[in-house]
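Take a look at the sequence and the model, then read on.

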Amino acid sequence: MPALHRHRPAASACAALAAIGALVLAGLPGTASARTADTAGNASPVDTVAVADATPALLSAMARDLGLTHAQARDRLANEARAGATAGRLRLALGDAYAGAWVRGAESAGLTVATTDPADIPAIEAQGARATVVPHSLAALEAASTAADRAASRTAALPTAVDAPVRYVDVRTNTLVVQAVRPAAAHDLIAAAGIDRALVRVERSADRPRPLHDIRGGDAYYMNGSGRCSVGFAITKGTQQGFATAGHCGRPGTTTSGFNQVAQGSFQASTFPGRDTAWVATNSNWTSTPYVKGQGGDVQVTGSTQSPVGASVCRSGSTTGWHCGVIQQHNTSVTYPEGTISGVTRTTVCAEPGDSGGSYISGSQAQGVTSGGSGNCSSGGTTFYQPINPLLQAYALTLKTTTGPGPGDPGEPGGTWAAGTVYAAGAQVTYGGATYRCLQAHQAQPGWQPPNVPALWQQM
């Protein structure tokens, strides 16, 4: 299952690399304008991911690819933002019994939350969600997935793992799914990992994903004058400007030129396989902007709040432009011919060689950069993106957003919360003498102090 990239056919080596090219996708969420009430019944100014900043181009792409009207697309974004916050609160409340959550319906109007404990049903339904009782917790399924990744990462197991290249926790069916070209390869991998077979479902699939190769998200850039990938998201690291992209597109020291073939910069750090992350530092002729190239206009980036399973997501890439779909599973593992990557997100968005590294975005919220996939944008396909928040955290990068960099207002209450920090779901901070737990993964933005964003933080 190779990654999708684009190389110039200059030699046989380039042809071989083209066969394992990589795609890069980015997510587009919005700012906070859709509002829900806090526990006191007061609307918060940043309670949910906003749809107010969803551009006509974004809504048009969602309408085209998801079969929606513009009004339905806006409603879907608002519903998904609310669902993400509700699921985050319930994950904290249910603890070890939590077994995942997903949205459903054309407008994502319904939220289902799974638990292993029937006693949790009233608490789930009290939040307006549908409850379902399942045998396996999310933690147990994710532990099985990690064991499969370890087995797939062993050099001796790589040929087998390539024939069973995709693994993900499917919260809807409460199983660890292993997709395989040869089912026997999946069974061998499961046995090597020592996983309880009751946790696993094997699916036959002809797909062999590959990385997709090819300072605005979605624009093309070229590596060492030959290969092509796509910009994921503009970032800063202190005063240095640059962009996040896929690790399979280059190694530290690989030079880049922009979409216009003008000298651009070089890779500073890169991880692949294992993860599919990298960042490029650009020269003084290039300026980071908080935008992704959309269909008919730029889409602004206001944050990086992670969208839930079932949510809509759109991708910008230098080969195929704008395409939308839905998030199928988080924390997926894929074995490419080059090795295994873990922690990517599986989607129904199509992509092709040259789209690698590009932007995935939900509304105006950055989701990740394109890693790889199978199929194309004529017949459809499956693609995977590397989530943006772990990438930002790993390299100490700050996402370029329209909210601007830096801390909040001077003189605000003290505590451990800080703008620019990447917080995972469950992380704990203090602010103004109170303690808060994170509900949804995100990089904190100025103005997103915990009391202001109950969609992201719950006071303990």
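## Around Asp219

Asp219 sits in the loop between β9 (210-211) and β10 (220-223); strands here are DSSP runs (E, at least two residues) and helices are H or I runs of at least four, numbered from the N terminus. With 8% relative accessibility, Asp219 counts as buried (under 20% relative accessible area, using a 1.4 Å probe and protein chains only).

Which residues does Asp219 touch, leaving aside neighbours within four places in sequence? Its contacts include Cys229, Phe259, Lys293 and Ser318, where contact means heavy atoms within 4.5 Å.

## A three-stranded sheet

Elsewhere there's an open sheet with the order β3-β4-β5 and mixed pairing; two strands pair if DSSP finds at least two bridges between them. β3 (98-104) and β5 (130-133) are the edge strands with a single partner each, so one side of each has no neighbour in the sheet.

Strand β4 (residues 110-115) runs parallel to β5, joined by four bridges. Thr112 is opposite Arg130 in β5.

Residues are numbered from 1 along each chain as its sequence is written, and side-chain values use heavy atoms, without hydrogens and water.

The protein chain averages a pLDDT of 87 (the predictor's confidence in each residue, from 0 to 100). Over residues 7-49, though, pLDDT stays under 50. Where pLDDT is low, the predicted coordinates should not be read in detail.

Key: This is a predicted model: local features need pLDDT of at least 70, side-chain atom pairs count only at pLDDT 80 or more; totals for chains, interfaces and linings use all residues. Buried means under 20% relative accessible area, exposed over 50%, partly exposed in between (1.4 Å probe, protein chains only).
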